Amino acid sequence: MGRLAVAVIVSTWVIPVSILVNRIVPGPYMDEIFHVPQAQEYCRGNIMKWDPMITTPPGLYCFSLVHVASLYPWMYVLRWSSSFADSCSTALLRSLNGVLAVLSSILIYDIMVQLSPQLDRRKATFFAVALALYPLHWFFTFLYYTDVASMTLFLAMYLACLKKNYWFSALLGALSVFIRQTNIIWMLFVACTAAIDMTQSQQKDKATLENFDMTSSGIDDQTAEGNAAAVPGLRNRKTKNSHSNSHSSARRKASASKDPGLVDEIRIILFRARHMKQQMFILSAPFLFVLAAFVAFVRWNGSIVLGAKEAHSVSLHFSQLLYLGLTSALASAPFHFTPGRAAFLISKHFKGRLASIFLMFFALAAGFISVHFFSIAHPYLLADNRHYPFYLWRKVINNNRNMKYLLIPLYIYSWVSIFDILGKTQKKIWLLAYFFACAATLVPAPLIEFRYYTIPFFILMLHSPVTNSSKWLLMGLAFIVVNNFTMSMFLFRPFKWDHEPGTQRFIW
C-alpha cells in the first residue's frame, strides 16, 4: 500500500470516465470553448495570439504543449495524427487533467505521510483515495479547465515546503500562479506556515536540550548523593539544588500546560524570528522574489485578471467566507454533523463564559453584516441555469427574504467546528493565517463558484487529526454518490435553450 496503490486506484476511474465523457461530449463545452481553441493556437505556434475573454494566465496551455509533445511521436508512428497541430484535440487536451489527477492523488498521500509520520500507510492510502474523490476536483478532471492543474501544483509546492526545499517550493508556486493568479495567496500561506514551523522546531530543540540538562542534573545528583557521606556539607548543597531543579521543572510544566493566546503566539514567533534572521531570510527570500514579480505583473497589467476585466472586477463579497465554511463542513459532514458534535461544541466553547458569549455575539453580528450588506448576486449567477449555484441561490439562499438570515447560525457553526478540528493540532496563528488566506482568495471574487473552495477544503482535510476510518469511509461514499449524480446529469440530461442553439448540460 502506498503511492502505487493510490495511483492504480485513481486510474481505475479516471480512464473509463474520461473515455465516456469524450464519447458523449466530444466537443468543447462551457469554459472549454475558450481554453481549447487557445491551446490549439499554441499548438500551431501562435503564441502571441490571445483570446481577450480568458481571465487566467497561459500556464495551462504551456503544460499542454509539453503533454502533447510527449505523446505526439507515438501518435505519429501509429498514424493517429498527421501533424502536431492536429494532435491537439479536445480529448487529448482533457487527458492532461487525467494525468494530473493521478499525480495529485500521489501528492496527497505524500503530504499526509509527511504531516503525520505515525499514520498507518494503509490508512494514508485509503484517506488519499477518499480525498481524490472530492466532487469538485473529481468532476473537472474530465474537462479542460485550470482547476486540476492548479491543485496539483499547489500540492507539489506544499510538499516541497514541508521537506524544506524552499527554492523548489517557490518555483512550483510561481508555476501555480502561472496557472491561476489567486495561487499567489496560497503560496504566501505555505511560506507563512513554514515560518511558523521553523520557530516551533526551535522551541522543540530547546525543550529537548532542557530535558537533557535535567536528566544530566538528576544523574549528577544521584552520584552526589552516593558520595555525600564522604564529603562534608555535600548533602546540604545537593538538597538545595534538588529543590531548585524541582521548582524550575514545575515552572516548565506549568508553562507548557498553559495554552497561549493568539497575541502571545504572535509575540513569541516574532521574538524567535528576530533570533533566526538568517534562517528566516533563507526561507522567505524565494517566496518574496515570486511575490515581487507578481506585483510587478499586476501593476503592468492594471488588474489581477487578464481578460473580461469588467465581469471580474474586485468586490467585497464577505458572504463567500460563509459559503465556504458551510460547503466545506457539508462536504465532510461525518466530521461535523453528528448527533453528539453540536452538544460537544456548545459545552466546550459556549458554556456561559463571558468571553465565549462575546465571541458568539461578534460572530453572529459579523455574519449578519456580511449577509445583509456584502452578498453579491453576479449577473452570471442569475442568468445561467446550467450551474448548480443558480439553483442553490434561487431555491435555498434567496428562497424568501428571511432565509439568508436563518442560515447564519449554520454558517457560524460550520466555522466553529472547522476551527475546533484544526485547533487540535495547529496553533491559533496558523488558523488565523488559514482564515486570512481564504478571505484574500474569496472575498474579492463576485461570482459564487464552488471550484474556488477546493484548495481551502484540501488544506482542511490534509490537516484534520481525525483518523476514524468510518468517518472517512462515509465521506468517500457520499462523494461517490454526488459524483455519480453530477456526471449522470452532465452526460445524460442535456437540454436546449430557446434563445441559443446547441446542447446545454448541467455543471458545477
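**Exercise 1.** Classify F126 and F127 as buried, partly exposed or exposed, and describe the geometry of their rings.

*Solution.* The model is a predicted one. F126 has a relative accessible area of 29%. Buried means under 20% and exposed over 50%, so F126 is partly exposed. F127 has a relative accessible area of 2%, and is therefore buried. The ring centres of F126 and F127 lie 5.8 Å apart, with 50 degrees between the planes. Planes under 30 degrees apart count as stacked and those over 60 as edge-to-face, so this pair is tilted.

**Exercise 2.** Locate W415 and F419 in the secondary structure, and determine how their rings are arranged.

*Solution.* Both residues belong to helix α20 (residues 408–422), where W415 and F419 are four residues apart, about one turn of the helix. Their rings form a tilted aromatic pair, at 5.2 Å centre to centre and 35 degrees between the planes. W415 is buried, at 8% relative accessible area, whereas F419 is partly exposed, at 27% relative accessibility.

**Exercise 3.** Determine whether W80 is buried or exposed, and identify the surface patch that includes W80.

*Solution.* W80 is found in the loop between α3 (59–77) and α4 (90–115). Its relative accessibility is 65%; because exposed means over 50%, W80 counts as exposed. Together with Y76, V77 and L78, W80 forms a nonpolar surface patch with about 510 Å² of accessible area.

Key
Residues are numbered from 1 along each chain as its sequence is written. This is a predicted model: local features need pLDDT of at least 70, side-chain atom pairs count only at pLDDT 80 or more; totals for chains, interfaces and linings use all residues. Side-chain values use heavy atoms; hydrogens and water are left out. Patches are made of residues with over 30% relative accessible area and no salt bridge: like charges are joined within 9 Å, nonpolar side chains (Val, Leu, Ile, Met, Phe, Trp, Tyr) within 5 Å. Accessible areas come from the Shrake-Rupley method with a 1.4 Å probe; for residues, only the protein chains shown count as cover. A salt bridge is a side-chain nitrogen of Lys or Arg within 4 Å of a carboxyl oxygen of Asp or Glu. Helices (H or I, at least four residues) and strands (E, at least two) are DSSP runs, numbered from the N terminus. Buried means under 20% relative accessible area, exposed over 50%, partly exposed in between (1.4 Å probe, protein chains only). Rings of Phe, Tyr and Trp (its six-membered ring) pair if their centres lie within 6.5 Å; planes under 30 degrees apart count as stacked, over 60 as edge-to-face and the rest as tilted.
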